[in-house]
Amino acid sequence: MSNEDTQEFYEKNKEIIDRIIAEKEAEKQQARSKEERFREDYLRAMDAAEDLRDALFGFGRAQSEYLDRYGRSEFERMRMHSMLESERFRARMYESRDRFNADFDKMFGFISDPEIQKHVLGAGMELIGAFTALLENGPFPETVKEAVRVSNMVRNEEYCSQNPDCKVRARRTEEPKAGSVKIEVKPKGNDE
């Protein structure tokens, strides 16, 4: 077809061709606007997602800072409370100890009197002496009696070595009185 034929065809069918061209142009426009709308919607969604992310991070940061401040203040409060309770406990413990010591001294303070302790110790020594005499003179085998004598000697020597007021030590160091005779005991079996 020549240009003239095309021009003639166009003029005869101008309305239909213009309508078809307009429809095609509208379809192109519509397709392009769908892409653009999709791109615009996508970009808006991405902006909203970034805003949400920023808001969530900001909220998380604010909550973290709040929890940090709260935790520190709570820890400090607990530490102070613990220190106060510790001091109160210590004070109550010392008060209880002092009350106990005072009550104990009221009840049993007389026992710490040196004069009473001397008598109690003397009574204990007398009891040990009585028990030793009972074992030495009772109907027991000779081995028991010998063991009692040896233990009595060892105990008396130890007692005298620890006690500066030992009467046996005082007797050993005294000089014999005038008119008395000093007796020396020699172990058996020495024939000198």
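**Entry 1: rings**

I started with the aromatic rings and found two aromatic pairs. The rule I used takes rings of Phe, Tyr and Trp (its six-membered ring) as a pair if their centres lie within 6.5 Å; planes under 30 degrees apart count as stacked, over 60 as edge-to-face and the rest as tilted. For Tyr 66 and Tyr 70, the ring centres are 6.2 Å apart and the planes stand at 20°, so I noted this pair as stacked. Both tyrosines sit in helix H2, four residues apart, which is about one turn of the helix. Helices (H or I, at least four residues) and strands (E, at least two) are DSSP runs, numbered from the N terminus.

How open are these two side chains? I looked up Tyr 66, which is partly exposed at 43% relative accessibility, and Tyr 70, which is partly exposed at 44%. My note on the words: buried means under 20% relative accessible area, exposed over 50%, partly exposed in between (1.4 Å probe, protein chains only).

Residues are numbered from 1 along each chain as its sequence is written, and side-chain values use heavy atoms, with hydrogens and water left out.

The average pLDDT (the predictor's confidence in each residue, from 0 to 100) is 82 for the protein, and 89% of the residues score at least 70. Confidence is highest in helix H2 (residues 14–108), at a mean of 88, and lowest in helix H5 (residues 167–173), at 60. Where pLDDT is low, the predicted coordinates should not be read in detail.

**Entry 2: salt bridges**

How many salt bridges does the structure hold? I wrote down eleven, taking a salt bridge as a side-chain nitrogen of Lys or Arg within 4 Å of a carboxyl oxygen of Asp or Glu.

I looked up Arg 44 and Asp 41, whose side chains meet at 2.3 Å, N to O. They lie three residues apart in helix H2, about one turn. Arg 44 is exposed at 51%, whereas Asp 41 is partly exposed at 41%.

Next came Arg 77, bridged to Glu 74 with the closest N and O atoms 2.4 Å apart. Arg 77 is partly exposed at 49%. Then I found Arg 79 joined to Glu 76 at 2.6 Å, N to O. These two are three residues apart in helix H2, so about one helical turn separates them. Glu 76 is partly exposed at 34%.

**Entry 3: a buried lysine**

A polar atom of the Lys 145 side chain lies 3.2 Å from the backbone oxygen of Gly 138.

**Entry 4: a buried asparagine**

I ended in helix H4 with Asn 152, which is buried at 19% relative accessible area. Beyond its neighbours within four places in sequence, Asn 152 is in contact (heavy atoms within 4.5 Å) with Thr 132 and Glu 136.

Notes
Predicted model: local features only at pLDDT ≥ 70, side-chain atom pairs only at ≥ 80, totals over all residues. Polar contact = N/O pair within 3.5 Å; in protein donor to acceptor, adjacent residues only side chain to side chain.
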